[in-house]
Amino acid sequence: MRQGRSLLRDGVSRALDPLLHLPSGIRRFCISGVFLVELALAVLLAFLVRFDGVVPPEIAQRAFTAFPSIAAVYLVCYFLAGAHRGLWAFAGIHDFIKMP
């Protein structure tokens, strides 16, 4: 009998299989979208932690209007560093230090 963990891994692998065989440009676009969502969640959580769960409306408005600029800088740095080319599943601090 197979273990539950390998069944889960097989299911996830089958679900992601169509995404792994997309043309590289489309796959890069999808991955960039995922990173932007992660960035948005990180900013939101940082503000919630900083303001104990209640972000003042004026600060929330400024953060909301500044987010496109922050995201643009993030994506430019992301592509200039070549982070979109690597497999980061096994990356560590030594790989981060080697980045230009």
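How are α2 and α3 oriented to each other? Thanks for coming, everyone; let's work up to that one.

A word on the model: it is predicted, so local features need pLDDT of at least 70 and side-chain atom pairs count only at pLDDT 80 or more, while totals for chains, interfaces and linings use all residues. Numbering starts from 1 along each chain as its sequence is written, and side-chain values use heavy atoms, leaving out hydrogens and water.

The chain has four helices and zero strands, where helices are DSSP runs (H or I) of at least four residues and strands (E) of at least two, numbered from the N terminus. Of its 100 residues, 9% are buried, meaning under 20% relative accessible area with a 1.4 Å probe, protein chains only.

Now to the pair. Helix α2 covers residues 24-50 and helix α3 residues 57-80; their axes come within 10 Å and cross at roughly 140 degrees. Those axes are lines fitted to C-alpha atoms over the stretch in contact, with angles from 0 to 180 degrees between N-to-C directions. α2 and α3 are therefore oblique to each other; that class is what remains after under 35 degrees (roughly parallel), over 145 (roughly antiparallel) and 65 to 115 (roughly perpendicular).

Who makes the contact, meaning heavy atoms within 4.5 Å? On α2, the residues include I31, F35, L39 and V43, and α3 brings, among others, F67, I70, Y74 and Y78.

Lastly, α2 itself: its 27 residues reach 38 Å from first C-alpha to last, close to the 39 Å expected at 1.5 Å a residue. After α2 comes D52, with a positive phi near 55 degrees.

Definitions and conventions: Contact = heavy atoms within 4.5 Å. Expected span 1.5 Å × (residues − 1). Buried < 20%, exposed > 50% of the residue type's maximum accessible area, 1.4 Å probe, protein only.
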